Every structure is written in structure tokens, then in C-alpha cells.
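Please examine the arrangement of helices, domains and chains in the model shown below. The report that follows describes each in turn.

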Number of protein chains: 2
Amino acid sequence: MLFENLGTPSLLLDKDILEHNCKIMQERAQEAGIKLRPHMKTAKSIEAYHLATDGGFDGITVSTLSEADYFANGGVTDILYAVGIVPSKLAEAQRIQDKGVKLSLITDSLSVIGALDDEALRLETTFPILIEVDSGGQRGGVLPGSDDLIAIGKAIKASNRLSLEGVMTHAGHSYHCTTPEEITAIAEQERLAVVSAADRLRSEGLPCPIVSAGSTPTAVFAKSFDGLTDIRPGVYMFGDVDQMFIGVCRSNEIAVSVLASVIGHNKGAKRILIDAGGLALSKDTSASEFSSHTGYGLVCDLSGKVLEELYVESVHQEHGLIASVSGDLPYEELPVGSRVRILPIHACMTVAAYEQYEVHSTDGELLAKWDRVNRW
Amino acid sequence: MLFENLGTPSLLLDKDILEHNCKIMQERAQEAGIKLRPHMKTAKSIEAYHLATDGGFDGITVSTLSEADYFANGGVTDILYAVGIVPSKLAEAQRIQDKGVKLSLITDSLSVIGALDDEALRLETTFPILIEVDSGGQRGGVLPGSDDLIAIGKAIKASNRLSLEGVMTHAGHSYHCTTPEEITAIAEQERLAVVSAADRLRSEGLPCPIVSAGSTPTAVFAKSFDGLTDIRPGVYMFGDVDQMFIGVCRSNEIAVSVLASVIGHNKGAKRILIDAGGLALSKDTSASEFSSHTGYGLVCDLSGKVLEELYVESVHQEHGLIASVSGDLPYEELPVGSRVRILPIHACMTVAAYEQYEVHSTDGELLAKWDRVNRW
């Protein structure tokens with residue numbers, strides 16, 4: 001039996017698929033003549049970093065200072081921390097800088113520049129800062145045409161301890177598209193937002209060496225990267241069911257899956273119970289906006305073949321309940337004690353429950369264990 | 001500023017509230033003359049175990065073998081692993097037994113008894129087994145009136161390596177009630193399910209020393225525990241927003257909260273951004289069935305006072321977006337760089353993102369760091 005020496009639930013990572021996914025995105029960036037600065041918030045693994053940046057630009061993006069520290073320890077020297085910075089985090093940022101890293105920070109708040117400058121002075125260091133721009137995602141960021149953009153740029157330039165490094169954006173709303181055309185349109189909106197913001201800063205005499213954009217969907221479907229210096233996709237390395245519905249990957253291009261045991265048959269409710277629940281799969285149900293039959297994950301056999309009609313319909317803390325679209329459950333093919341693999345709805349959330357990857361080839365040979373950096 | 005030496009996000013645990021919650025449930029069990037076998041799947045902490053069992057029965061319930069191992073290392077000697085067992089997990093179960101633990105296992109599957117017996121023979125050990133009964137939750141378990149119940153009982157008795165220890169159930173459907181009367185009714189349904197199952201087994205000449213039921217809501221609102229030997233609530237130790245709507249606790253009886261920093265103001269979208277997102281809070285939205293203004297958590301100031309009208313309306317991996325019911329956001333009271341505490345929707349899911357608790361008194365003094373046992 002494949003993977004028989006692993007306990008359940010375990011996190012599987014198909015290295016062949018990962019390499020394929022990394023290579024495709026590298027080729028795309030090379031053809032477009034743009035730097036790929038992969039977002040490591042999904043993989044959080046130094047081995048995945050090496051595959052993602054192999055032979056190319058070696059800068060990365062991270063979502064926590066723990067990630068920045070981990071990758072600094074792994075030898076990465078150019079890191080963008082892409083969550084709004086606050087003064088209380090600068091001491092930790094300095095500790096990472098001191099490992100020989102250029103650690104770029106972001107903000108969208110004029111009101112915090114003074115306190116950042118004060119804290120940098122207290123720490124006797126300097127920090128490169130990018131201004132976060134809202135390209136339509138309505139999460140963080142100033143609007144590219146706003147007065148705030150220029151005011152923040154001027155405040156950073158006026159600071160002795162902060163240097164204006166450029167602008168960045170993330171078109172998170174691309175995750176809700178279903179056609180390539182829609183994503184292409186959002187990619188163009190994303191590009192124009194930061195390019196126009198950069199133009200406005202430069203016309204005020206402010207420096208803007210970095211013009212950064214990117215999400216996996218927009219990186220895949222953008223028609224133009226003109227004016228950008230780098231793109232920052234992340235989940236493309238692994239793929240997931242949500243990305244499959246967006247059109248970014250096929251089910252056989254999803255690199256991660258959760259190995260689970262069948263622990264019961266509920267023939268009354270027509271459910272097969274597995275030992276992967278809300279903690280092992282996460283409670284993310286993003287793909288439900290595209291299909292009512294995805295729940296908390298799709299079900300595969302041990303070879304990775306999708307078992308049509310089956311999905312994890314509900315979860316409790318350590319229980320998952322597999323339902324079938326037709327109502328017919330394959331009890332005989334999946335007896336109690338047998339095992340399945342679950343394709344995650346949202347890889348970033350699912351893999352965060354594990355401290356390591358069980359790395360395997362597509363034909364099921366276990367190759368290695370890779371660590372991850374979790375938490376903050 | 002309270003908690004100023006902690007990074008964000010961090011997991012806070014109010015020891016005063018935890019002690020209060022533990023004491024109330026102990027008193028309730030004592031008055032009812034029933035053993036409290038707390039489910040440690042929420043707290044996963046040896047210090048919380050000591051508070052929960054202080055001076056009383058010291059058996060516990062767990063949801064993973066990692067928990068069983070951790071609590072065995074902490075000196076616990078009577079552990080019920082309350083997720084359906086499969087043969088591949090028996091070697092690990094034996095390793096825990098060998099630490100001097102009575103480790104009880106559960107099943108609801110006649111088909112797996114033979115393989116469990118074979119594996120126990122191979123391991124040259126024996127295992128106590130409880131039969132899982134479905135009291136209406138429609139997750140795992142055989143129906144109390146089913147032929148399967150008796151067939152499983154007889155198969156366990158006929159086995160040389162398995163011993164029939166009793167019956168257990170969990171009325172998970174009590175989590176969806178909104179009135180004490182509804183929960184009381186489900187508690188009675190839960191009790192009758194296992195008591196009648198025990199009666200049927202005994203009438204067949206089968207042993208049934210343990211008759212175990214319980215969830216936090218049914219433990220709180222049950223009118224009778226007659227015929228039960230123990231109850232297994234868990235989340236009562238911490239409470240959460242979901243339990244608050246069920247009527248189990250008040251907001252000032254929720255022991256855990258997530259300390260987060262304000263990292264931005266999005267005045268266009270009327271949101272305050274914090275650095276606690278889907279990983280720091282979990283993506284559990286259980287309380288949405290009771291209120292459309294709970295999202296991923298309620299917002300408190302640093303003293304723990306609920307800021308009325310505010311809730312975490314949406315999350316990304318490391319971003320949370322606070323909205324207000326009225327649409328008015330307190331930007332001035334919560335400037336960028338200030339901090340808030342978020343009350344979790346479902347404590348079991350939220351606390352699982354952290355390796356440790358920052359234990360504090362209600363007045364904000366930091367007392368200790370307690371570890372947790374996560375994963376599998």
C-alpha cells in the first residue's frame with residue numbers, strides 16, 4: 001500500500017508536480033522579462049524556495065516576520081514583508097536585517113510614518129519602505145490617484161530613517177473570477193494601479209525603484225507586465241481546488257494532499273468518515289462560490305486519482321464526512337481502515353496545520369521530509 | 001500598555017476565567033454525582049488539565065493520539081481516545097499504553113473488529129474498546145436500537161485481544177440550539193441513547209461498565225444524568241462566541257482571546273485592518289448561524305471589554321478586516337499601531353494555531369507561558 005508507513009492525517013507533497021508548477025511560472029516570468037519574487041506564505045519551505053527561484057532572481061515575499069527570519073537563516077538576502085508594518089515589529093525586523101538581509105516593509109498609513117521613524121531612530125537603523133496601493137481588492141492600500149499616496153511618499157522621503165523603495169499591490173479580487181478574460185482584466189487593473197502610482201510619485205520627484213504587483217491568477221493570465229519590476233504569486237507552487245475552478249491548474253497539477261484513514265461508515269446518513277477534520281483540512285470553503293460539491297476537499301485514491309462525485313461535505317475538529325453527489329458511497333472500495341488523499345480547497349490554509357511535508361514522487365515513492373515555518 | 005511585551009498575533013489565556021469555568025463544571029458534576037472526564041481537545045494543556053480535574057476524578061478524553069501521548073507524559077493514567085480507531089494506529093496506542101496508561105479506544109464498525117484483533121495479537125497486547133453510539137448527531141456511531149450494536153458487542157467479547165468497556169456518545173447537534181429547553185431535550189436524547197444501548201448490551205449478557213455522554217451544552221443544561229458514568233465536555237473551559245450564543249457562557253466568561261495589532265485603516269471600505277487573519281483566528285464562522293455580525297470574532301479593548309458593534313467581518317491569510325454594524329469605525333480610538341483583543345468564534349479551532357498560551361490575570365498581569373500539544 002502506498003504511504004503505508006505514514007500516520008494519518010499527514011501532509012503529502014508531490015515533488016514532481018511542484019517542480020512542474022515552479023518551472024511553468026519561471027518560464028512565464030522569463031518570457032515576460034519580469035522578476036519573479038515568489039510569495040512564500042503558502043509553501044513556507046526553504047526547499048520549495050530553491051525550486052521556485054532556481055537559477056533566477058532570488059528575492060522573495062513573506063507574510064510574517066517568522067518567515068522572514070526562517071528564510072534569512074536559509075540564506076535568502078532580499079525579502080519583502082507584505083503585511084502593513086507597525087512600530088512594535090521593527091525591533092524584530094532589525095534582528096532579521098542583522099542577518100544580512102535587505103528586508104523591505106510596507107505601509108498605507110500616513111499616520112504611522114512618524115512613529116516608524118522614531119522607532120528606527122531608537123534602534124539606530126534604517127528601513128526600506130514600499131507604499132501599499134489598493135488595485136481594487138479593497139483590503140489594504142491607498143488608491144493610486146489619492147492625495148495620501150503623495151503625502152506618504154513625501155513623509156517617507158522627509159524621514160531620516162526610512163527610505164522610499166517603491167509601490168506594491170495585490171489584486172486579491174482575482175480569486176473570485178471564473179474566466180480567463182475576467183482575470184486578464186483584473187491583471188491590467190492591478191498593473192495600471194501601481195504603474196500609475198509610481199508615475200505620480202516620480203512626477204513629484206520621489207524615488208520609486210520597485211513597482212510590484214501580483215497574485216497567482218493575475219500572474220497566469222496577465223497580457224502585459226509593462227512598467228512592473230516584479231510579480232509575487234505564491235499558491236501557484238501547490239495549486240488547490242479553488243485555483244482549479246479559477247482556471248489556474250488542473251486537478252492533477254495540485255501538488256499537496258492530505259493522507260487520511262477511513263474511520264467509519266455512516267450508512268444511515270450516507271457518509272464515509274475520515275480522520276481528517278477541520279484542523280487537518282482547515283475550515284476554508286472558498287471553492288463553494290464555484291461549486292456546491294467541493295466542501296472541505298475533493299477525494300482521491302492513494303495514487304492521486306480523483307474519485308468522481310466524492311467530496312468532504314462537513315468537518316468536525318478531527319472528523320471529516322465524505323458525501324457523494326449522487327448519494328451512492330463506495331463503502332466496499334473504501335472499507336474502514338483504508339486510506340484516501342484529500343485535495344485541499346485552499347492550500348495556504350490547509351498546509352499551515354502541519355510542521356512538515358512528506359515529499360513523494362508522482363508514482364508514490366517517499367523522497368524526503370521538508371520542514372515548514374509556521375506561526376508568527 | 002497591557003501586554004506590550006508580546007508580539008502580535010499572540011494567544012491570551014485569562015487564568016481567572018479558566019479557573020472559574022473549571023470550578024463551575026466541577027461543581028455541577030459533583031452535585032449530579034457523575035464523573036467529569038474533560039475533553040482536552042480544546043485546551044490541549046497539562047496545566048489546564050490540572051485545573052479541570054483538581055481534586056476530582058482524573059480521567060480525560062482526547063481527540064488525537066498525540067494528545068494521549070502528551071498527557072501520558074504528564075502523568076495522566078486514564079485516557080479515552082474518542083475518534084474511531086483503525087488497525088494502523090494500534091502500534092502507537094500500545095506505545096502510549098506502555099507508559100502506564102489505560103487507553104480506551106472506540107469503534108462503530110463491525111467490519112474492523114477482526115483486523116483490530118489481529119493487530120492486537122501481532123502487538124501481543126490488549127485494548128479496551130467502547131462502542132460509539134449515535135444519539136442524533138449523525139456523525140459516527142451505531143443507533144442504540146440497531147442490530148449492529150449487539151453484533152459489535154458480541155464480536156468484541158468473542159475477541160481474545162479486545163475487551164468491551166462500554167458505550168459512549170456525543171450529541172454534537174446540541175451546538176445548533178438557541179434555547180436552554182432545546183438543549184435540555186437533546187441532553188435527554190443523548191442520555192437515553194447510551195443508557196438504552198447499555199441496557200441492551202447487558203440484557204445480552206455483555207459487560208458495559210462505562211456509559212459515557214457529553215458535550216458542553218448538554219453538560220450545562222441536562223436535567224438528568226441517570227445511568228451515565230461520566231460526561232465529556234471540553235470547550236466549557238475556554239468558552240467562545242459560539243457558546244455564548246448557545247447560552248453556555250457570557251462574553252466576560254470567554255477565557256481566550258487573540259492579541260492583534262491595528263495595521264491599517266481602509267476608510268473607503270470602512271474597515272480597520274488587523275494582523276490576525278485566517279491563520280490566527282481560523283476560518284470558522286460557526287456563530288454566523290446565530291448572528292450576521294460575528295464573522296471571525298468579536299473585538300475587545302486590551303482590558304477585555306467588548307467594543308460594541310465591532311466584529312472581524314472578513315479574513316485573508318494574515319489580515320483581518322474589522323467592520324462595524326452601524327458603519328461607523330472608531331479610527332481615532334484604534335490608531336494604526338494600537339492593539340485589540342479578538343474573542344474567538346470557535347475556541348477549539350482558533351487556539352490550535354498557537355504553540356503556547358500567554359497566561360494572564362483578568363487585570364492583565366502576565367503570569368506564565370503554557371504549552372499545547374498540536375497536530376497528530
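The crossing of α4(B) and α5(B) is a right-handed one; a crossing counts as right-handed if the near helix is turned clockwise from the far one by less than a right angle, and as left-handed if anticlockwise. This is a predicted model, in which local features need pLDDT of at least 70, side-chain atom pairs count only at pLDDT 80 or more, and totals for chains, interfaces and linings use all residues. Residues are numbered from 1 along each chain as its sequence is written, while chains are lettered from A and ligands numbered from 1 in the order in which they are written.

Two packed helices are described by the angle between their axes and the distance between the axes. Helices are DSSP runs of H or I with at least four residues, numbered from the N terminus. Their axes are lines fitted to C-alpha atoms over the stretch in contact, with angles running from 0 to 180 degrees between N-to-C directions. The table gives the values for each chain.

| Helix pair | Axes come within | Crossing angle |
|---|---|---|
| α4 (residues 90-97) and α5 (residues 113-123) of chain A | 10 Å | roughly 50° |
| α4 (residues 90-97) and α5 (residues 113-123) of chain B | 10 Å | roughly 50° |

The angle in chain B makes α4(B) oblique to α5(B), a class left over once angles under 35 degrees (roughly parallel), over 145 (roughly antiparallel) and 65 to 115 (roughly perpendicular) are set aside.

Which residues of α4(B) and α5(B) make the contact? L90(B), A91(B) and Q94(B) come from α4(B), and L116(B), E119(B), A120(B) and L123(B) from α5(B). Residues are in contact if their C-beta atoms, placed from the backbone, lie within 7 Å. By class, this contact of α4(B) with α5(B) has five nonpolar, one polar and one charged residues. Here Ala, Val, Leu, Ile, Met, Phe, Trp, Tyr, Cys and Pro are nonpolar, Asp, Glu, Lys and Arg charged, and the others, Gly among them, polar.

In chain A, the domain assignment, which is automatic or from a database, gives domain 1 (16-237) and domain 2 (249-371). Their centres, taken over C-alpha atoms, are 33 Å apart. Domain 1 of chain A brings 13 residues to the contact and domain 2 of chain A eleven. Helix α1 (residues 15-32) of chain A gives the most to the domain 1 side, with five residues.

Terms used
Two residues are in contact if their C-beta atoms, placed from the backbone, lie within 7 Å. Helices (H or I, at least four residues) and strands (E, at least two) are DSSP runs, numbered from the N terminus.
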